[in-house]
Protein chains: 2
Amino acid sequence: MLIHTIQELRTEINKWKKDGLTIGLVPTMGALHNGHLSLIKKAKSTCDKVVVSDFVNPIQFGPSEDFDKYPRTLEEDVKLCDGEGVDIVFAPSSDEMYGKGQRLSNDTLTYVCPPFFYVNKLCGKTRTGHFDGVCTVVLKLFNIVQPNYAFFGQKDAQQVIIIKKMVNDLNVPIEIIQCPIVREDTGLALSSRNKYLSETGKQDALVLSKILNNIKTCYNKGITDVEALKETAYSFLTDKHDMEYLEIVDKDTLEDKIKADDNSIALIACRVENVRLIDNIYLKESN
Amino acid sequence: MLIHTIQELRTEINKWKKDGLTIGLVPTMGALHNGHLSLIKKAKSTCDKVVVSDFVNPIQFGPSEDFDKYPRTLEEDVKLCDGEGVDIVFAPSSDEMYGKGQRLSNDTLTYVCPPFFYVNKLCGKTRTGHFDGVCTVVLKLFNIVQPNYAFFGQKDAQQVIIIKKMVNDLNVPIEIIQCPIVREDTGLALSSRNKYLSETGKQDALVLSKILNNIKTCYNKGITDVEALKETAYSFLTDKHDMEYLEIVDKDTLEDKIKADDNSIALIACRVENVRLIDNIYLKESN
């Protein structure tokens, strides 16, 4: 069922709640790919009812970012969701989410602001206000859907860590389930932004996963010095790659490391054909 | 029943939820007086079950404010609540609310930040970060108790307006009920901070309600110019009064007015014996 308004959604949710059914929420910005579908499958296997939200959230985009051209494919998304047995696709307008004609700024709206320590690094360094926008819309969706579980992909590793921190700090009565990154056979992590890439660009983009895999291999061969591990990236890079960051930090707290350990995660952000791509990998085999 | 831990509270709440009972929350910082009791009575008459939270929230006090000496009277509070038929008094420690040994700052905790427009005026002007701390703890309590209704006093008018805005902006599924100011026969608005005042101080403090009542009288006699209405205050003030602000604004949006109207509220903050006191009044008779 495709629903556009909060009120209509709440009516359905309340029926489920009365029947004691468990609810799973998969928050997305649409442009669904197999990564999203893996979240949906996990939700279907965990909960009685599954809601997929499909909303390109304006307040998590910076003024120079790709909000306007972000891919919007609602019709296809709904078909994919139907195929997976999703109960409700919730696709509100911006007016529905933020109020009609509401100016979207810290001057006029209540924001959820994650801790500076988690925000002022990695993607947050260049995307000022991004995680405030993410946490705000996610908490709104949590309050609208009131799910028992919410499902997020490890692809946006910093985002999941920040959302888990928000849930803990604000006592949100919802369990966050993180699902593994889904990749093409080539190793490229699935992303809605891959649509912006040419075929050559897709080839150049493989460098992200190659760098991460190589770091993991080196770590498992006994190299633990973070600077040394990061330096292994240089041999992969060409003038097609505009590197934003490559970091190795604690996978739960995002704390910097001097020596990598089994709790470490390597994260990379790099532009290819001016498309900003991110990827990450846990250094320990079983992670 | 007196409960100190979130887990124990949630166990009780879940029983009520299963039975389909409605829940009312009265958030307080303890040191209960008849103002609080009026909120509790309203909650009792509205809901099946009533929870009173009793927690002096460290993150809403500035470094030079009265957090350490704020009156703490839990034993008496519990007796008063028992007398009103309150079902649960929830009195957590700071560790229970914010995590053991957690440093309390924007660097380490997720905050709820109300809009600058609502915050950078009246009490927020001198109490930097105060309303961030209020909204954060109130949202935490909302998520812990999951009430149908929450009750707040008009005494903290700016606070209620900001909490209503938060509930609207973040789609919190809770109805906010505002209750009238309770006053001593002298006109002094009840406040836990009145305990700091000497008998002479209490006399001097009457000036707050006198100024507000006089403004209301003048407005109802036809004076609408805000500057003129504010100037009527001067004749009441002596060197015992250290005025912080006197403003006339819209009672729902806190927007400034040039001409007062029936939607206006007059608000005052003034120190007496170095105790910061606040009060307010709706200009329209029936408000």
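How many residues of chain B are in contact with chain A? In this predicted model, 25 residues of chain B contact 25 residues of chain A.

**View 1. The side of chain B that touches chain A.** Four elements of chain B each supply at least two residues to this side: β5 (111–113), α5 (116–119), α7 (130–145) and α8 (157–169). The most comes from α7(B), which gives four residues. By class, the side of chain B that touches chain A has 15 nonpolar residues. Six polar and four charged residues make up the rest.

**View 2. Strand pairing between the chains.** Strand β5 of chain A spans residues 111–113 and pairs with β5(B). The pairing is antiparallel and runs over three bridges. Look for A:Val112 here: its bridge partner in β5(B) is B:Val112.

**View 3. Helix α9 of chain A, end to end.** This helix covers residues 199–220, 22 residues in total. From first C-alpha to last, α9(A) reaches 32 Å. That is close to the 32 Å expected at 1.5 Å a residue. Just after α9(A) comes A:Gly222, with a positive phi of about 115°.

**View 4. The buried residues of α9(A).** Which residues of α9(A) are buried? They are A:Ala205, A:Val207, A:Leu208, A:Ser209, A:Ile211, A:Leu212, A:Ile215, A:Lys216 and A:Tyr219. These buried residues pack against one helix segment of chain A, α10 (226–231). They also pack against the chain A strands β8 (241–250), β9 (264–272) and β10 (275–282).

Definitions and conventions
Residues are numbered from 1 along each chain as its sequence is written. Chains are lettered from A and ligands numbered from 1 in the order in which they are written. This is a predicted model: local features need pLDDT of at least 70, side-chain atom pairs count only at pLDDT 80 or more; totals for chains, interfaces and linings use all residues. Two residues are in contact if their C-beta atoms, placed from the backbone, lie within 7 Å. Ala, Val, Leu, Ile, Met, Phe, Trp, Tyr, Cys and Pro count as nonpolar, Asp, Glu, Lys and Arg as charged, and the others, Gly among them, as polar. Two strands pair if DSSP finds at least two bridges between them. The expected span of a helix is 1.5 Å times one less than its number of residues. A residue is buried if 20 or more other C-beta atoms lie within 10 Å of its own, exposed if 12 or fewer, and partly exposed in between; C-beta atoms are placed from the backbone.
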